[in-house]
Amino acid sequence: MTVAAIEAVDVSRTYELDGVSVPALRGVSLTIAQGEYVAVIGPSGSGKSTLMHLLGGLDRPTGGRLVIGGRDVATLTAPELATLRNETIGFVFQAFHLLPRTSAVDNVALPLVYRGVGARQRRERAAAMLGRVGLGHRLTHRPNQLSGGEQQRVAIARALVTDPAVLLADEPTGNLDSATGEAVLELLEQLNAESGVALVMVTHDPEVAARARRRIAVRDGLIRSDTVHDRPLSGGDGGPETLDAAPSAEPRSASGSGPGHPSGGSGGATGATGRLPRNGAQAGGAG
Ligand SMILES: Nc1ncnc2c1ncn2[C@@H]1O[C@H](COP(=O)(O)OP(=O)(O)OP(=O)(O)O)[C@@H](O)[C@H]1O
């Protein structure tokens with residue numbers, strides 16, 4: 001049976017601020033399947049970041065049901081949710097959030113500390129992951145000795161060193177010039193295709209969103225459209241499409257089944273391109 005990486009059913013999130021309720025998400029249902037490439041787009045304030053925080057278990061819904069890695073977050077204590085997050089999700093943000101006085105390899109190794117991986121193995125795995133993102137020659141550089149694009153590559157390596165099922169990227173190219181941003185996007189797409197990690201990316205940029213096979217448009221805390229495109233622009237042969245009315249687009253149901261799932265295997269199974277070997281043996285800690 002296919003296990004969804006993340007499933008949200010009628011999820012809402014209302015913030016309370018100075019006695020005022022701010023309904024940032026107002027009932028969102030979606031499923032993220034293994035290996036998917038999903039772009040989330042919408043105007044400022046529409047709820048994209050709130051949605052990403054929920055999908056990644058950084059925050060909890062105030063309504064609805066959210067299941068991450070097969071576990072209903074409502075049933076988890078805070079430490080259990082942190083462990084689930086560490087085991088299941090990788091995050092990449094617009095600001096790279098690297099530790100400034102720490103080398104690239106130690107930044108990347110950090111999530112493995114919480115899993116109880118020994119120092120030598122941490123370093124080996126972090127160095128290998130930095131090699132995969134093209135930074136095998138920058139292991140001991142600190143963030144301020146790296147370019148913006150290199151820093152984001154370090155952040156990507158850190159997000160993937162635990163071999164998560166899902167990589168959540170919130171405007172990952174927002175701080176980068178267009179050429180550097182393009183290279184980072186290509187890297188994310190390559191990692192998604194090669195390792196089978198699901199990539200869910202928030203972007204303001206319709207051209208970036210058009211590269212994803214599945215596109216979710218958020219507005220006023222609701223999903224306005226959720227479509228799957230047979231020929232995303234990253235495939236090289238798709239024409240310009242709009243989010244609402246792309247001719248090749250098929251609306252998705254909230255059940256998450258359908259043509260948008262390139263791998264669809266269960267529990268870290270290999271998709272067409274094969275997954276990285278999963279490193280599930282380590283006991284999880286807080287992430
Ligand atoms: N901690 C918070 N407390 C109160 N209101 C919040 C909080 N975080 C977000 N909001 C509000 O919730 C709504 C959705 O915010 P969110 O950051 O999710 O939007 P967004 O689509 O990511 O916007 P942007 O593209 O500008 O980052 C906005 O109205 C915002 O002001």
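How closely do the axes of α3 and helix α4 come, and at roughly what angle do they cross? I looked this up first, and I found that the axes of α3 and α4 (residues 119-132) come within 8 Å and cross at roughly 120°. I took axes as lines fitted to C-alpha atoms, for helices over the stretch in contact, with angles from 0 to 180 degrees between N-to-C directions.

A note on the model. This is a predicted model, in which local features need pLDDT of at least 70 and side-chain atom pairs count only at pLDDT 80 or more, while totals for chains, interfaces and linings use all residues. Residues are numbered from 1 along each chain as its sequence is written. Helices (H or I, at least four residues) and strands (E, at least two) are DSSP runs, numbered from the N terminus.

The angle makes α3 oblique to α4; angles under 35 degrees count as roughly parallel, over 145 as roughly antiparallel, 65 to 115 as roughly perpendicular and the rest as oblique. On the α3 side, the contact is made by Ala104, Val105, Val108, Ala109, Leu112 and Val113, and α4 brings residues including Arg122, Ala126 and Leu130. Residues are in contact if their C-beta atoms, placed from the backbone, lie within 7 Å. I sorted this contact into 10 nonpolar, no polar and 3 charged residues. For the classes, Ala, Val, Leu, Ile, Met, Phe, Trp, Tyr, Cys and Pro are nonpolar, Asp, Glu, Lys and Arg are charged, and the others, Gly among them, are polar.

Next I checked α3 (residues 104-113) against α5 (residues 148-160): they pack at about 30°, with axes 7 Å apart. That makes α3 roughly parallel to α5. Their contact has 6 nonpolar, 1 polar and 1 charged residues.

Then I turned to the sheet. It is open, with 4 strands in the order β2-β1-β4-β5 and antiparallel pairing; two strands pair if DSSP finds at least two bridges between them. β2 and β5 (71-72) are at the edges with a single partner strand each, so one side of each has no neighbour in the sheet. I found 5 bridges joining β1 to β4 (residues 63-68), and Val9 has Arg65 as its bridge partner in β4.

Last, the ligand. Which residues are around the ligand? Among them are Tyr15, Val22, Gly47, Lys48 and Thr50; a residue counts as near if its C-beta atom, placed from the backbone, lies within 6 Å. α1 gives the most to this shell, with 3 residues. By class, the shell divides into 4 nonpolar, 7 polar and 1 charged.

Conventions
Contact = placed C-beta atoms within 7 Å.
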